Every structure is written in structure tokens, then in C-alpha cells.
Amino acid sequence: MAEVLVYVDHVDGAVRKPTLELLTLARRVGEPVAVALGNGAGDTAATLAEHGAVKVLTHEASEYADYLVVPKVDALQAAVESVSAAGSLAAVLVPSSAEGKEIAARLALRIGSGIITDAVDLEAGDEGPVATQSVFAASYTTKSRISKGTPVITVKPNSAAVEAAPAAGAVEALTVSFSDKATGTKVTGRTPRESTGRPELTEAAIVVSGGRGVNGAENFAIIEALADSLGAAVGASRAAVDAGWYPHTNQVGQTGKSVSPQLYIASGISGAIQHRAGMQTSKTIVAINKDAEAPIFELVDYGVVGDLFDVVPALTEEVKARKG
Ligand SMILES: Cc1cc2nc3c(=O)[nH]c(=O)nc-3n(C[C@H](O)[C@H](O)[C@H](O)COP(=O)(O)OP(=O)(O)OC[C@H]3O[C@@H](n4cnc5c(N)ncnc54)[C@H](O)[C@@H]3O)c2cc1C
């Protein structure tokens, strides 16, 4: 069976959820071989094996942290060459973060392959993997196949379930020689963002968002309280962030972040096309809006016509009560 390379996103050996989702999709296309780089790469092996990695190629070097993406591209290219030389390589899968997309694009260019970014699903096809994308502000779903070279595909977080599928996870050291360009852009400083304790917006399984209807920065506390009762991330419409009620980093939509959680709860958001573009692929969509004619109700699974100042706190209390 052909192998599928899965680029591992991890923090000091702790594997992030989108990588485990990639392993679920990779198993549909071939045998997953994970590529883990940098500090703690070896510590990822147990988790990756538990989720289906037959092999884990590791390489630790300070260059991965000290320079921007090129050392990682060098290493992924080395992995492509090593797996291709030993057998057949069906695809390279990379999580669709900003960094992941840059690595994937540079890799595809180097190995002369086609690339598909922001896939939301992946299945095996007779002539190679077929990727599903949600395009034009999520008004169309397309299916595409790469016709040149080894397919390089980036997959959005929350596109597949994390599934346990124990495999060997044999650790092998990857041989990497860095190119001249690897040290071209040095990281000169790092300032960690103050943690809210909530999950990362683009990776969260549940997102609770507020819009203009929230009517003030101070009122976002009720959105946060619902989010915290559900272990969710907080999102906001552009109207809310432009008003200064919530940070721009939390904006969902065409010019903000794209989210695809299992559950998206929109409160006081009308459902403009630019907002939909960032959340329409959510699995279950719930809206709370006092206007029964609001466009958001066209795409919801569950809609509550009501005042969010009544509905959201009541929902929070109900969630807390049911959790005991
Ligand atoms: C190029 C471009 C890019 C854009 N990118 C984005 C983007 O990335 N993300 C984004 O979100 N927007 C984006 N927009 C803006 C977008 O067009 C809308 O203006 C914006 O999404 C509206 O935000 P909203 O739904 O919060 O506000 P509104 O459209 O004003 O809707 C507020 C809603 O709250 C409801 N409401 C009010 N009070 C209550 C209450 N007490 N209880 C319940 N419901 C209540 C109202 O009925 C209304 O439906 C973009 C626009 C352009 C032109």
C-alpha cells in the first residue's frame, strides 16, 4: 500500500488536534507516515502511533525554532524523497494553518507537484486522492484531484473526527541537510499572547460568536460565559470587532478566520455573506437573533428567535445544570 506523509503540528512534543484529524483522512488514502520536526519531535510518536501512524520520521534541530519555514520545507522534502525512493507516496498532507500552507506551497513548487489548499474532506480515488473544498464564500462545494506530481494537500482543522487506530508508529530518524535558504529569515523574538484559557478559534470543536446585537464590549461577558460553559472558543462578527468590542484576532469571516467546528452558535449576528464565508462549513449551526427575518436563519440547523440577553444566559445556565 502507498504511504501518505502527514506533517505533524506539535508544541514541544504535544501533538495538536488538526494533525490527528489528518491521520484519520490519511488512512483513507494510504499508510500514514508522520513527519515530526523540532524540539520534542520524538515525544510525538506514542500519540501518532495511537492514531494510525505506521512510521514516525523525526528530526530535531534548533533551526526549526530559530528560522522561519524553510528548514521545515527542507525536511519535508527530504521525507518525500526518502519515502518515494523506498516505495510509493500517495500524498503529502499538511494542516491548513498559515504556516502549514506556506510550507505546503513551497514544497509543491520544489517537487513540481500540484497543490490543493483548505480541503474540508479527502477520499481515495482511482487516480489519486480527491479533495473537497468549500469555495466562493462557501456557496459551492468542489471536488478536485491533483494531476501533476505527488499531491500536496492542506486540510482545514475540524474536517475529520479524531479516531484511535493503533499502529506501529516505528520511529525513524530523518536525514536532513538544510539548504542555503534555510537560515535566510531569523526569528528575533517571541512574545506569547496572553492566554484566555479557551481553545484556539480555528481548532475549537465549538465556537460561540457575538455580533452587533451584543451591543457593547462589556456585554461580551455573556458570550464568554456561554463559551466557557461549553469549553468553546469565542468568535465575533466584523461589526463587533470594528466597534472595538472584541479583538480582531477573533473575527470570523471572509476577512477574518475560517472556522469549521462541530457546533457554531451565532448570537446577534445577521448572517452577511462575508460572515458566512468563515463559518458556513460548521457541522451544526445555531443562531439566536431577535429578527425572525435575519438571513442567518437561512443556514441554521436550529434557530432561536429571541433577545440574546435573555436566551444566552438561560442557555448557559441550562448547559451548566446539565453538566451537573
Ligand atoms: C470586503 C468585506 C469583508 C468583510 N468581512 C467580514 C468578515 O470577515 N466577517 C464579518 O463578520 N463581516 C465581514 N464583513 C461585514 C459584513 O458585510 C457585515 O457588515 C457584518 O458581518 C455584520 O455584522 P453583524 O451581523 O454583527 O451585524 P448586523 O448585520 O448589524 O446584525 C446584527 C444582528 O443582531 C440582531 N440583534 C440585535 N440586537 C439583538 C438582540 N438583543 N438579541 C438578538 N439579536 C439581536 C439583529 O436583528 C441583526 O440581525 C465584510 C464586509 C466587506 C465589505
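## Contacts of Ala-79

Contact here means heavy atoms within 4.5 Å. In this predicted model, Ala-79 touches Leu-5, Val-35, Leu-57 and Leu-174, leaving aside residues up to four places away in sequence.

Ala-79 belongs to helix α4, which spans residues 70–86. With a relative accessible area of 0%, Ala-79 is buried. Its C-alpha lies 8.3 Å from that of Thr-175, although Ala-79 and Thr-175 are 96 residues apart in sequence.

## Aromatic pairs

The count of aromatic pairs comes to two. In one of them, Tyr-64 and Phe-178, the ring centres are 5.5 Å apart and the planes meet at 75°, so the pair is edge-to-face. Tyr-64 is located in helix α3 (residues 63–66), while Phe-178 is in the loop between β11 (170–173) and β12 (206–210); the pair therefore ties together parts that are 114 residues apart in sequence. Tyr-64 counts as buried, at 5% relative accessibility, whereas Phe-178 is partly exposed, at a relative accessible area of 26%.

Phe-220 and Tyr-246 form a stacked aromatic pair, with 4.6 Å from centre to centre and 25° between the planes. Because Phe-220 lies in helix α6 (residues 220–230) and Tyr-246 in the loop between α7 (238–242) and β14 (263–267), this pair ties together parts that are 26 residues apart in sequence. Both Phe-220 and Tyr-246 are buried.

## A charge over a ring

A further arrangement involves Lys-186 and Tyr-67: the charged end of Lys-186 sits over the ring of Tyr-67, at 5.1 Å from the ring centre.

Methods
Residues numbered from 1 in each chain as written. Predicted model: local features only at pLDDT ≥ 70, side-chain atom pairs only at ≥ 80, totals over all residues. Heavy atoms only, no water. Phe/Tyr/Trp six-rings, centres within 6.5 Å; stacked < 30°, edge-to-face > 60°. Helix = DSSP H or I, 4+ residues; strand = E, 2+ residues; numbered from the N terminus. Buried < 20%, exposed > 50% of the residue type's maximum accessible area, 1.4 Å probe, protein only. Lys NZ or Arg CZ within 6 Å of the ring centre and 35° of its normal.
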